[in-house]
Structures are given as C-alpha cells and as structure tokens.
Amino acid sequence: MTAKRAAIVIAVVFVAYAVLLGWRGVLLIGTGDPVAIGLGVAVLVIPLLGAYLVWRELQFGRRTEELAHELDLEGGLPVDDLPRRPSGRIERSAADAAFAQYQAEVEAAPDDWRTWFRLSTAYDAAGDRRRARASMRTAIARHDRL
C-alpha cells in the first residue's frame, strides 16, 4: 500500500471514529445532567482537535509531495543510491556522509528551499524523523516566501 493510500484509509477511519465519538458527545449533552453536559462538551472537543491534527498532517504530506515534484522537474531531487543493509535500512556511515554534504549546502544557501528539502531527506536517511520533518517545514516555509 502506498503512503498516499494509507493516509486516505487512516483519514476515513478517523472520520468514522469522529462521527461515532461526536454522536456520543451529543447524546451526553442531551441528557440535561450538568456533569454529562460537561463530559459531552469534552467528548466533542476530541474529534475537533483530532480533525485539525489529521488535516495538518495531510497538508504537510501534500506540500512535501508538491515540492518533491517541483524539485524533480528541476533535476535537483536527491538520488536514493545509498547502500543498504539486508534489512533494507540505509547504512549509517553512508547516511552520515550524505548528511554532511547536504548540511554544507544549507550553510552555503540557507534561504534556498531546495537545500532544506535535500537536508530533510538526509535526516530521514539517517533515521532522525523529528529533524527531517522540521527541515521539511523549513523548506515549505522558504518555498512559500517566493
């Protein structure tokens, strides 16, 4: 299953969950009991917060895909040719070497979204998802300022 299809399936499952949970919140509010009304309101907040978070993640994925497509058209998309272990994971030493190259590119051109995009792929290859996502957010922000 592709990542896009998995995201769609997760979003559909979340919508079903949010509807069921929201309905329970409405039922609690409908009882008229002050405690139940308080719980019902709290239960309604959970799907709203969840919907915001799901929307935000889907937007992040969409924007990342758009930037990857644009960079690919320019011929600047990094090639995934790093050596891998039998398990499929990238060898750490190769990921570190690629990271050093992309880090130097960012230092040379910190306002270029392309360098931040490539740095994000290097972080991802090294297994640092938190920094990969932060670098991709920076790439998106730099691209949006154009």
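Helix α2 is followed by G75, which has a positive phi, near 80°. In this predicted model, α2 comprises 41 residues and reaches 60 Å from its first C-alpha to its last, close to the 60 Å expected at 1.5 Å a residue. Its buried residues are A36, G40, V43, P47, G50, F60, R63, L67 and L71. The cover over these buried positions includes α1 (3–30), α4 and α5.

One of the buried residues of α2, L67, also belongs to the largest nonpolar core, a set of 16 residues. L67 is listed there with F117, L119, M136 and A139 as the residues with the most contacts inside the core. Two or more residues of this core come from each of α2 (34–74), α3 (92–108), α4 (113–125) and α5 (129–144). The largest contribution is that of α4, with six residues. Leaving aside residues up to four places away in sequence, F117 touches T64, L67, A68, L71, L77, M136 and A139. Among these contacts of F117 are L67, M136 and A139, which are likewise among the core residues with the most contacts.

The loop between α3 and α4 contains D112. D112 is classed as partly exposed because its relative accessible area is 23%, a value between the 20% limit for buried and the 50% limit for exposed residues. The side chain of D112 makes a polar contact with that of R114, at 2.9 Å. D112 and R142 are 30 residues apart along the chain, and their C-alpha atoms are separated by 6.7 Å.

Note on methods. Residues numbered from 1 in each chain as written. Predicted model: local features only at pLDDT ≥ 70, side-chain atom pairs only at ≥ 80, totals over all residues. Heavy atoms only, no water. Core = buried A, V, L, I, M, F, W, Y, C linked by side-chain atoms within 4.5 Å. Buried < 20%, exposed > 50% of the residue type's maximum accessible area, 1.4 Å probe, protein only. Helix = DSSP H or I, 4+ residues; strand = E, 2+ residues; numbered from the N terminus. Contact = heavy atoms within 4.5 Å. Polar contact = N/O pair within 3.5 Å; in protein donor to acceptor, adjacent residues only side chain to side chain. Expected span 1.5 Å × (residues − 1).
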